Amino acid sequence: MQETVHPDLLQVIIKSLALMGGVGAAFGIVLAYAAKKFAVETDPLVELVRAALPGANCGACGFAGCQGYAEAVVKDPTLSPGLCTPGKADVAALVAKIIGKVAPEVVPMVATVFCRGDECKASRRFVYEGVKDCRAAILVAGGDKTCQYGCLGYGSCFKACPFGAISMSPDNLPVIDHEKCTACGVCVSACPKSIIALTPTAKKVHIRCSSHDKGPVVKKACELGCVACGLCVKGCPEGAISMDNFLARIDYEKCTHCETCVMLCPQRTIEDQIDPSKETGPRTKLARKEDAGGGSEPADAPAAKAAKPA
Amino acid sequence: MLEDLGTIFIASALINNFVFSRYLGLCIFFGVSKKMETAVGMSMTFTAVMVISAALSWLVYNLVMLPAGLGFLKIVVFIGIVAGFVQGADTVLKKINPTLYHKLGIYLVLITTNCIILAVPVISSDEKYNFMQAITLGLGSGAGFSLALIIMASIRERLELANVPKPFQGMPIAFIVTGLIALAFLGFSGLITV
């Protein structure tokens with residue numbers, strides 16, 4: 001048999017090749033020309049800064065994602081390189097090094113929930129059957145908790161956290177994972193009751209209540225609320241606690257973790273997050289004082305507590 | 001003439017809506033309809049790319065491919081044209097209008113290999129449309145897709161808060177909603193009798 005290629009077929013093949021090649025070449029030339037003509041000069045520093053940032057796009061810096069902050073911080077010489085809270089001091093130092101700015105001091109922060117009124121400690125005024133979200137629940141007469149300042153427990157913060165650092169306790173109170181929390185502040189703005197705030201990670205004693213109600217009102221609504229008795233204000237050896245409109249507040253700059261207030265609080269509102277199993281600084285100091293027999297009046301009580309769990 | 005174009009526009013936007021009647025472009029439809037902002041951005045980019053690529057493909061198809069008898073290559077060539085055009089638009093937009101680029105840039109890349117963008121030149125070549133008709137088809141399809149995206153985005157923003165049973169949360173309920181809207185769009189089918 002003799003194999004011959006049909007002349008028409010050959011022509012079609014040649015034409016097809018020419019067309020595809022032509023289209024390819026035309027676009028190639030146009031694109032190459034466009035790439036040259038419309039080349040955008042990007043600052044290589046932006047790319048470096050972008051790589052140094054965590055890339056979570058949480059918006060804690062106030063810009064639209066990490067790329068936005070990287071561009072702004074390179075462009076604007078007055079902008080602080082330490083705005084990335086999730087990155088903490090390491091990233092601030094790295095960014096500052098890349099763009100030649102001085103790294104500001106970044107105090108590591110962590111989110112703290114200023115309410116202990118969970119399902120069994122704080123009562124509810126009515127049964128809320130709506131959308132299970134704090135921002136929806138608050139629209140119904142300010143939420144179903146009797147305490148109008150307290151945590152609603154429908155987990156808006158839990159859903160908002162971009163780092164999965166918040167979990168809900170079995171009694172519907174948010175629990176912050178200090179390891180995962182980057183202090184981006186997303187939960188702070190997500191909470192309609194504003195009970196979450198950023199506090200210095202190093203400070204472990206918190207007055208975990210947000211209620212500005214008077215004592216009897218608080219007592220009725222919640223087992224663990226601050227009744228504004230003022231015992232902690234009087235007892236604090238550093239004068240770090242003050243009463244602000246029926247709510248005790250700690251000045252974290254002055255607090256030395258002496259734990260006097262933790263012992264004094266009759267409502268157990270003041271929480272001490274120092275792990276009792278760990279021998280942390282101030283605790284050992286107090287224990288030593290006690291051993292030496294020179295325990296001063298306020299130091300006695302915490303030392304006794306420190307000895308207990310051991 | 002004008003009446004004819006109006007018919008094509010209405011037909012492609014409502015009666016033969018790409019998402020609800022032809023079931024094309026569903027990946028982008030479900031992907032970007034979670035938020036109104038992205039839906040609007042996508043709609044605008046999509047319509048612009050659709051019109052221009054319809055025009056470009058018409059020119060290449062009718063002036064080069066048909067005279068050379070290479071109509072069978074249209075799908076390959078159209079893909080090349082759309083991809084090349086989108087890439088070019090990306091480059092040019094970055095330089096000329098960085099603000100617009102930041103708003104629409106991310107969608108441009110998604111569009112390159114979208115099936116609706118490919119369907120428009122294929123349909124216009126199958127129907128042997130003239131140049132104006134091809135552009136109108138692109139415009140109508142863009143409007144129809146925008147309509148679908150914006151309807152879906154507004155519903156899905158509300159669905160976020162609705163008390164949906166657990167197995168149906170997310171995509172399943174989105175598909176059900178799409179089916180219901182498609183059912184409603186069936187009502188347009190008698191609008192124009194050709």
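Strand E1 (residues 109–113) of chain A is mostly covered, with four of its five residues buried; buried means under 20% relative accessible area, exposed over 50%, and partly exposed in between, with a 1.4 Å probe and protein chains only. The model is predicted, so local features need pLDDT of at least 70 and side-chain atom pairs count only at pLDDT 80 or more, while totals for chains, interfaces and linings use all residues. Residues are numbered from 1 along each chain as its sequence is written, chains are lettered from A and ligands numbered from 1 in the order in which they are written, and side-chain values use heavy atoms, with hydrogens and water left out.

**Chain A overall**

- Chain A has twelve helices and eight strands; helices (H or I, at least four residues) and strands (E, at least two) are DSSP runs, numbered from the N terminus.
- Of the 310 residues in chain A, 40% are buried.
- Among contacts (heavy atoms within 4.5 Å) in chain A between residues at least 6 apart in sequence, 57% join residues at least 24 apart.

**Strand pairing in chain A**

- E1(A) and strand E4 (residues 196–200) of chain A run antiparallel and are joined by five bridges; two strands pair if DSSP finds at least two bridges between them.
- A:Met109 has A:Pro200 as its bridge partner in E4(A).

**Nonpolar cores**

- A nonpolar core is a set of buried Ala, Val, Leu, Ile, Met, Phe, Trp, Tyr and Cys residues joined through side-chain atoms within 4.5 Å.
- The largest such core has 44 residues, and the members that touch the most others are B:Phe20, B:Phe29, B:Met42, B:Phe46 and B:Phe145.
- Elements of chain B that give two or more residues to this core include helix H1 (2–15), helix H3 (36–65) and helix H7 (131–159).
- H7(B) gives the largest share of this core, seven residues.
- A second, separate core has 18 residues, among them A:Phe114, A:Cys209, A:Cys226 and A:Ile270.
- Not counting residues up to four places away in sequence, B:Phe20 touches B:Phe29, B:Ala148, B:Thr178, B:Ile181, B:Ala182 and B:Phe185.
- In soluble globular proteins, nonpolar side chains tend to be buried together.

**A buried loop residue**

- A:Thr269 sits in the loop between helix H10 (260–264) and strand E8 (270–272) of chain A.
- A:Thr269 counts as buried because its relative accessibility is 1%.
- Leaving aside neighbours within four places in sequence, the residues in contact with A:Thr269 include A:Arg116, A:His206, A:Cys209 and A:Cys226.
- A:Thr269 and A:Cys226 are 43 residues apart along the chain, yet their C-alpha atoms are separated by 5.9 Å.

- A:Ala228 is not a glycine but has a positive phi of about 60°, and its place is in the loop between helix H8 (215–221) and helix H9 (231–235) of chain A.
- B:Lys128, also a residue other than glycine, has a positive phi near 55° and lies in the loop between H6 and H7 of chain B.
- B:Lys128 counts as exposed because its relative accessibility is 72%.

**The largest pocket**

- The lining of the largest pocket has 46 residues, of which B:Lys34, B:Lys35, B:Thr38, B:Glu157 and B:Glu160 lie nearest its centre.
- On a 1 Å grid over the protein atoms alone, a pocket is an open set of points where a 1.4 Å probe fits, with protein on both sides within 12 Å along at least five of seven lines, and lining residues have an atom within 4 Å of a point.
- H5(B) supplies the largest share of this lining, eight residues.
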